[in-house]
Amino acid sequence: MLNVILNGANGRMGRVINRLISEHDDMKVVAGVDISAQQLDDYPIYSSPADIREDADVVIDFSHFSAVPGIVSWCVEHKTPVVVATTALDDACQEALNTAAEVIPVFQSANMSLGVNALLKAVAAITPALEENFNVEIIEKHHNKKLDSPSGTAVMLADKVQEVTKADKNYIYGRHSKHDEFSMDDIGIHAVRGGTIPGIHTVMYCGPDEVIELTHTAFSRDIFGNGALTAAKFIVQQQPGRYSMDDVLK
Ligand SMILES: NC(=O)c1ccc[n+]([C@@H]2O[C@H](COP(=O)([O-])OP(=O)(O)OC[C@H]3O[C@@H](n4cnc5c(N)ncnc54)[C@H](O)[C@@H]3O)[C@@H](O)[C@H]2O)c1
């Protein structure tokens, strides 16, 4: 039995993970942490990691970037592997994950879906051949409750383009008030918010007289939840270090 603590247990993704785990005989949520501390299930929900009394095999975090350092410190103190899915982590937070990874296995991905991680591989494969003649534009669309923009996934896609191209890329977030000439080294990143869209990401390669579009559409949040459970099962078998979906999708 894999005992799990959920950070951000009462959020949209926390509820998804809770439901998916209830469908698994070999996994169980033993406690949750959420600033709201509202009791929604038969396990305790604490308002702070400091209050956790249960032991767990793994912590899954879908919360808020401000909550990540606290839960990661708890994981280090209790030698518990952690899956960090929360997005918009700043440099200090990434550094905290690096330090934690010296002591515990740390799995992090701004997108836990199998399909998006396959899209990243596709981007890595086709971008170098298009670098000279094609502009890259990334468009992401999400529900109107999403707090951060652009999405962590849009930035992952831009970072993947940057990783496999020779030139230093400029990330251009929207073009309001921009009147400069467009550079081949610009990557436009655009966010659309509305309704209940779980997440659509398109990478456009715009060349002379031809366009390639690679699109991933999420139809439900289960894709992120199932990916996080795969990550949790993977990470409990690893040595301390940093891991991502690249390590799972070999
Ligand atoms: N990596 C992925 O595949 C993936 C997929 C979906 C969402 N996300 C990210 O996961 C995070 C949560 O997404 P969501 O849609 O569930 O958001 P949400 O707003 O519905 O849920 C967040 C939960 O975290 C709680 N919270 C806020 N601050 C906290 C704190 N300091 N301590 C403890 N709990 C705190 C909130 O009360 C809320 O219940 C976001 O960063 C989102 O971008 C990642």
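Q: Domain bounds come from an automatic or database domain assignment. Which domains does the assignment give here?
A: It gives domain 1 (2-112 + 221-248) and domain 2 (114-217). Residues are numbered from 1 along each chain as its sequence is written. The model is predicted, and local features need pLDDT of at least 70, side-chain atom pairs count only at pLDDT 80 or more, while totals for chains, interfaces and linings use all residues.

Q: How far apart are the C-alpha centres of the two domains?
A: The C-alpha centres of domain 1 and domain 2 lie 28 Å apart.

Q: How many residues does each domain put into the contact?
A: Domain 1 gives eight residues and domain 2 gives ten residues. Two residues are in contact if their C-beta atoms, placed from the backbone, lie within 7 Å.

Q: What classes are on the domain 1 side?
A: Four nonpolar, three polar and one charged residue make up the side of domain 1 that touches domain 2. Ala, Val, Leu, Ile, Met, Phe, Trp, Tyr, Cys and Pro count as nonpolar; Asp, Glu, Lys and Arg as charged; the others, Gly among them, as polar.

Q: Switching to sheets. What is the strand order in the seven-strand one?
A: The order is β3-β2-β1-β4-β5-β6-β12, in an open sheet with parallel pairing. Strands (E, at least two residues) and helices (H or I, at least four residues) are DSSP runs, numbered from the N terminus. Two strands pair if DSSP finds at least two bridges between them.

Q: Which strands are at the edges?
A: β3 (45-46) and β12 (241-243). Each has a single partner strand, so one side of each has no neighbour in the sheet.

Q: How many bridges join β4 and β5?
A: Strand β4 (residues 58-61) and strand β5 (residues 82-84) pair in the parallel sense over three bridges. V59 stands opposite V82 in β5.

Q: What does α3 touch on that sheet?
A: α3 packs on the sheet and touches β5, β6 (105-108) and β12. Its direction makes about 145° with that of β6. Axes are lines fitted to C-alpha atoms, for helices over the stretch in contact, and angles run from 0 to 180 degrees between N-to-C directions.

Q: And how do α2 and α3 pack?
A: Helix α2 (residues 68-77) and helix α3 (residues 91-100) pack at about 5°, with their axes 10 Å apart. That makes α2 roughly parallel to α3. Angles under 35 degrees count as roughly parallel, over 145 as roughly antiparallel, 65 to 115 as roughly perpendicular and the rest as oblique.

Q: Which residues meet there?
A: V68, P69, V72, C75 and V76 in α2 meet C93, A96, L97 and A100 in α3. By class, that contact has nine nonpolar, no polar and no charged residues.

Q: Next, the five-strand sheet. What is its order?
A: β8-β9-β7-β10-β11, an open sheet with mixed pairing. The edge strands, β8 (170-173) and β11 (210-217), each pair on one side only. The twist averages 20° from one strand to the next.

Q: What is the sense of β10 with β11, parallel or antiparallel?
A: Antiparallel, over eight bridges. The bridge partner of Y205 in β11 is I212.

Q: Which residue in that hairpin has a positive phi?
A: D209, with phi near 65°. The hairpin has two residues between the strands.

Q: Where does α4 lie?
A: Helix α4 (residues 114-130) lies across β10 (200-207) and β11, at about 165° to β11.

Q: Which peptide bond is cis?
A: The one from S149 to P150, with omega near -5°. P150 is in the loop between β7 and α5. Most residues other than glycine have a negative phi, and most peptide bonds are trans. A37, in the loop between β2 (27-33) and β3, has a positive phi near 55°.

Q: Last topic, the ligand. How many residues surround the ligand?
A: 24 residues surround the ligand, and the closest are G8, G11, M13, A67 and A85. A residue is near a molecule or strand if its C-beta atom, placed from the backbone, lies within 6 Å of it. Helix α1 (residues 12-22) gives the largest share of the shell, three residues. By class, the shell has nine nonpolar, twelve polar and three charged residues.
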